[in-house]
Amino acid sequence: MPRQGVSPGQGRPRSGREQGPDRSLGAPSLRLLWMSLAMALALSDSLVLWVPAGAHPLPAKGYPTKSSRIAPQLREAFGWWNLTCPACKALFTAIDFGLRKEPSVAWVGSVAIKLCKLLKIAPPAVCQSAVQLFEDDMVEVWTRSVLSPSEACGLLLGSSCGHWDIFSSWNISLPTVPKPFPQPPKPPAPGAPVSRVLFLTDLHWDHDYLEGTDPDCENPLCCRRDSGLPPASRPGAGYWGEYSKCDLPLRTLESLLSGLGPAGPFDMVYWTGDIPAHNVWHQSRQDQLRALTTVTALVKKFLGPVPVYPAVGNHESTPVNGFPPPFIEGNQSSRWLYEAMAKAWEPWLPAEALHTLRIGGFYALSPRPGLRLISLNMNFCSRENFWLLINSTDPAGQLQWLVGELQAAEDRGDKVHIIGHIPPGHCLKSWSWNYYRIVNRYENTLAGQFFGHTHVDEFEVFYDEETLSRPLSVAFLAPSATTYISLNPGYRVYQIDGNYSGSSHVVLDHETYILNLTQANEPGATPHWQLLYKARETYGLPNALPAAWHDLVYRMRSDMRLFQTFWFLYHKGHPPSEPCGTPCRLATLCAQLSARSDSPALCRHLVPDASAPDVQSLWPRPLFC
């Protein structure tokens with residue numbers, strides 16, 4: 001049932017307790033624990049992608065990137081292994097009381113830096129910069145959060161000492177209007193208009209990219225002015241980009257946009273964010289706004305009158321992933337970012353869209369008769385958005401707003417496209433399951449879903465909630481423009497049922513284009529953006545409807561040659577050297593069926609026999625990009 005009585009300015013009451021205005025997250029030690037965990041997750045954005053085994057072979061220089069590895073080290077470092085449950089609760093209760101009288105953000109930051117270095121979360125200079133960047137927002141969040149000493153001890157000592165469940169379940173409300181009988185879209189008549197939609201995502205412009213620098217430096221992001229020179233035995237960063245943990249110089253983005261001609265013309269552009277580079281430990285608001293305005297100007301220059309519809313990525317803010325809900329006001333709010341976006345994107349968006357963009361980073365508009373476009377701020381579903389520790393229940397009321405938009409579209413007989421950055425299968429569980437429920441309810445209205453964030457080429461299939469067997473929608477996850485990590489630069493073009501009365505507005509096919517870096521970086525060469533593949537032709541699809549993608553997954557389970565083709569294209573034509581064995585293959589295929597976070601039942605049919613690994617063990621880790 002929907003939660004009642006939670007005002008947007010309060011932390012979410014849990015376990016029957018009321019939140020006091022001065023409840024802190026507890027001791028400096030506990031704040032430090034949380035800061036270290038959050039920094040580990042943030043820095044993992046730039047250290048290594050969390051993907052099925054073998055997807056990205058780059059080592060992380062020995063620096064741990066998974067929070068599951070950090071917590072035991074923290075317990076050992078602080079000697080908490082020998083702490084009993086009653087003593088733990090008494091300790092945190094006492095220091096919680098004392099901290100109300102004399103909080104010390106500076107002390108927390110100082111010790112967090114030392115801990116970051118001790119645990120080798122990142123190189124020392126990165127530890128220093130990251131803590132200084134994150135500490136004010138982190139302490140504000142933890143102070144507003146409702147984590148109790150009992151829950152903290154449950155985290156540190158195990159569930160027998162306390163139940164730690166910050167992100168407990170919740171439900172949005174659906175209208176009482178009965179769901180219409182499912183009506184799968186019909187193929188368009190021969191000769192019907194077809195629209196071409198350019199899709200850009202994860203551009204990640206690195207202002208400090210420098211040709212010839214070390215692509216395998218110790219920092220989380222390389223090929224930069226501070227990366228140093230590589231050993232004489234290894235080449236430095238290429239002119240147009242590099243197969244390593246590097247982002248793109250501006251000239252490569254200019255080349256992409258200026259070389260779009262053969263892929264066009266385009267009716268419109270969907271652009272789903274992540275504009276700045278992965279140097280997340282050392283970014284200012286000025287840096288982020290420079291990236292926003294510079295790249296937006298570049299898009300306007302090369303695309304001219306073609307309408308562009310953007311979505312907000314997780315890297316647009318600083319600290320990275322930090323998107324407070326609208327009830328956070330003052331200097332720590334996201335107003336500085338949303339206002340800049342509204343100003344930069346005003347030529348593309350109507351007043352109604354700019355209004356909600358300024359409030360919460362999401363909007364809706366009608367790009368053509370019969371089609372409604374909804375741009376979601378997927379940071380409000382993000383596992384890494386530390387502001388959601390205050391209240392993760394439908395932040396900004398975005399999902400309830402989405403339901404209203406979809407119901408209005410259904411009433412009008414319009415179709416809807418949804419764009420966003422983080423895919424729904426990578427979201428917090430309750431948000432993801434609510435979104436899945438919404439997609440189920442409005443399957444007749446929802447004609448397309450388009451996301452990015454993972455940097456690779458994949459998709460997520462949605463099924464009916466009753467049986468989890470009837471494919472009813474598909475979210476397309478397009479590959480990144482950036483090379484991060486060890487990929488060719490790329491972009492996507494969707495062919496959509498066109499602009500005419502009665503159009504289904506569904507995806508008919510898609511094409512992926514890349515820049516082959518090996519060829520582009522050869523002496524005297526010029527960049528040539530080329531078609532990598534067409535989906536229906538390459539995979540032998542009868543159409544691009546959900547059932548066709550469902551069938552493709554099961555064909556790839558038994559057809560190794562077909563899967564190897566998918567694996568090659570998944571990495572934009574530059575797969576890792578390590579082969580993708582059976583566990584890797586099943587995990588990768590499972591991810592294509594997993595539009596609902598933490599739902600192993602979606603993959604139960606992939607297990608070929610009783611001796612295969614348990615379905616739960618196949619569940620792929622999310623990519624945090």
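Buried means under 20% relative accessible area, exposed means over 50%, and partly exposed lies in between, using a 1.4 Å probe and protein chains only. Keep that in mind for the whole tour.

This is a predicted model: local features need pLDDT of at least 70, side-chain atom pairs count only at pLDDT 80 or more, and totals for chains, interfaces and linings use all residues. Residues are numbered from 1 along each chain as its sequence is written, and side-chain values use heavy atoms, with hydrogens and water left out.

**The whole protein**

Start with everything shown. The protein has 18 helices and 12 strands. These are DSSP runs, numbered from the N terminus: helices are H or I with at least four residues, strands are E with at least two. Of the 625 residues, 60% are buried. Contact means heavy atoms within 4.5 Å. Among contacts between residues at least 6 apart in sequence, 74% join residues at least 24 apart.

**The sheet**

Next, select the open sheet of 6 strands. Its order is β4-β5-β6-β7-β9-β8, and the pairing is mixed. Two strands pair if DSSP finds at least two bridges between them. β4 (363-368) and β8 stand at the edges with a single partner strand each, so one side of each has no neighbour in the sheet. On average, neighbouring strands are turned by 25 degrees against each other, direction ignored.

**Strand β8**

Zoom in on residues 458-463. How many residues of β8 are buried? The count is 6 of 6. Colour E458, E460 and F462 on one side, then F459, V461 and Y463 on the other; both faces are covered.

β8 and β9 pair in the antiparallel sense over 6 bridges. Pick F462: its bridge partner in β9 is S473.

Then show helix α12 (residues 429-441). α12 lies across β6 (415-419), β7 (446-451), β8 and β9, and runs at about 70 degrees to β8. Axes are lines fitted to C-alpha atoms, for helices over the stretch in contact, and angles run from 0 to 180 degrees between N-to-C directions.

**A loop residue: L349**

Move to the loop between α9 (335-345) and α10 (351-360), and select L349. Is L349 buried or exposed? L349 is buried, because its relative accessible area is 6%. Leaving aside neighbours within four places in sequence, L349 is in contact with Y309, P310, L354, L357, Y363 and L365. Its C-alpha atom is 9.5 Å from that of P367, 18 residues apart along the chain.

**Two packed helices**

Select α16 (residues 560-570) and α17 (residues 582-592). They pack at an angle of about 70 degrees, with axes 12 Å apart. They are therefore roughly perpendicular, the word for 65 to 115 degrees; under 35 is roughly parallel, over 145 roughly antiparallel, and the rest oblique.

Show the side chains. M560, F563, F566, W567 and Y570 in α16 meet C584, R585, T588, L589 and Q592 in α17.

**Last stop: P576**

Find P576 in the loop between α16 and α17. P576 counts as buried because its relative accessibility is 12%. P576 and S486 are 90 residues apart in sequence, yet 8.2 Å apart in space, C-alpha to C-alpha.
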